[in-house]
Amino acid sequence: MSHATAPAPAPSKRPSSLRGARLPSWSPWAIALGSIAAGCAIGLGAGLSSRIQWGLLAALLFVLVTYGLAAKVEGRRQAKDRTATSIVWVAFLLAVIPLASLVYETVKRGITVLDPYFLSHSMGFVTAYQPGGGIYHAILGTLEQVGLATLISVPIGLLTAIYLVEYGRGRLAKAVTFFVDVMTGIPSIVAGLFILSFWILILGFGFSGFAGSMALSILMIPVVVRSTEEMLKLVPNELREASLALGVPKWRTILKVVLPTSLGGILTGVMLAVARIAGETAPVLLLVFGNPLINGNPFEGPQASLPLYIYQQYASSGGSQAAYDRAWAAALVLIAFIMILNLVARGVARWKAPKTSR
């Protein structure tokens, strides 16, 4: 006896949607424009003269309107996610706008006297009230002082990081780590006072670029140690074990395997440390002392540097527009110098990054 099976029901042609209602993709931009317009209108109506206040009102309205619309259309869970995203964007803009304003103002004011003559001449016998002069002596001093500080701090920081990662155990390693952390937060003026009291007052040496380099190296060493330590920790232990299994000594494993693998990150950390000390003024003011003439010998006599030049031009201007222009132009050169260092660091990191197979 055969039993006929009932035919299966035909599938419904209407697709079932598992996603709820969502705001359109252009809604954040529309909310942002509406919040800006509403913030400006409220600021004008309330008599607020500061555009910063208008911007803060617009940011607050952007966050509140985003949450309200998302809660009504998409639900509270998605509204919380959109609110967090909007807060991140507001915080990003609050950080970028002052930076962009600073760069714009520096370029606007510094470009007035920035020319080849300004870059190739010193102040010589030009007073702060007179036009003319340049920053060649300050650029030379900055390059020499930062270069000497790098030569001092990079070997010390690199060897310290190797000890902490590869050999450091017990109380000594903990003590070194603790003092590196303490040195990271030392104010630059303290480093300058230490070298002033030890190198100049106790040992009797005079003001020089080398004295400033020693103070800058104190500020640079903990940055190099920390960045190098983190890069060495990223090297897989399998590479070390494979080298040691072949009978290679540990020091040669570090030299031939560990350091080349982390070289890109180490160089990036060194470049960032150089950028960290290039704009320091307090140690240079105490130890280098400043010099309007060209002094190419960092081991004898006062020198100039870009941060100190900016400070001296502004402090001794007495309302002179020429001194203000020179200070802004020197600040623009210093920003360009630090920007170039950061770009070089990024390029080296990308060049030395391990190649991944696809």
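The largest cavity is lined by Thr142, Gln145, Val146, Leu216, Ile277, Ala278, Glu280, Val284, Ser305 and Pro307. Two elements, α5 (136–167) and α11 (263–278), each give two or more residues to this lining, and α5 has the largest share, with 3 residues. Helices here are DSSP runs of H or I with at least four residues, strands are runs of E with at least two, and both are numbered from the N terminus. A cavity is a set of points, on a 1 Å grid over the protein atoms alone, where a 1.4 Å probe fits but cannot get out; a pocket is an open set with protein on both sides within 12 Å along at least five of seven lines, and lining residues have an atom within 4 Å of a point. The model is predicted: local features need pLDDT of at least 70 and side-chain atom pairs count only at pLDDT 80 or more, while totals for chains, interfaces and linings use all residues. Residues are numbered from 1 along each chain as its sequence is written, and side-chain values use heavy atoms, with hydrogens and water left out.

The structure holds 1 cavity of 30 Å³ or more. About 40 Å³ of space lies in the largest cavity, a volume being the space filled by probe spheres set on grid points that are joined across faces, edges and corners. By class, its lining has 6 nonpolar, 3 polar and 1 charged residues. Ala, Val, Leu, Ile, Met, Phe, Trp, Tyr, Cys and Pro count as nonpolar, Asp, Glu, Lys and Arg as charged, and the others, Gly among them, as polar.

Next come the open spaces. The largest pocket has about 940 Å³ of space. Its lining is made of 27 residues, and Ala32, Phe62, Trp89, Val90 and Leu93 are those nearest the centre. Two or more lining residues come from each of α1 (27–46), α2 (51–73) and α3 (76–110); α3 gives the most, with 10 residues. The lining divides into 18 nonpolar, 6 polar and 3 charged residues.

The second largest pocket has about 200 Å³ of space. Of its 15 lining residues, Met123, Val126, Pro292, Gln312 and Gln313 lie nearest the centre. Here α13 gives the most, with 3 residues. This lining has 7 nonpolar and 8 polar residues, and no charged ones.

How do the helices pass one another? The axes of α1 and α2 come within 8 Å and cross at roughly 135°. Therefore α1 is oblique to α2, since angles under 35 degrees count as roughly parallel, over 145 as roughly antiparallel, 65 to 115 as roughly perpendicular and the rest as oblique. Axes are lines fitted to C-alpha atoms, for helices over the stretch in contact, and angles run from 0 to 180 degrees between N-to-C directions.

Helix α8 (residues 209–233) and α11 have axes that come within 9 Å and cross at roughly 155°. That makes α8 roughly antiparallel to α11. The crossing of α8 and α11 is also right-handed.

Finally, Phe289 is found in the loop between α12 (282–287) and α13 (306–315). Its phi is near 80°, a positive value in a residue other than glycine. Phe289 counts as partly exposed because its relative accessibility is 48%, where buried means under 20% relative accessible area, exposed over 50% and partly exposed in between, with a 1.4 Å probe and protein chains only.

Definitions and conventions:
A crossing is left-handed if the near helix is turned anticlockwise from the far one by less than a right angle, and right-handed if clockwise.
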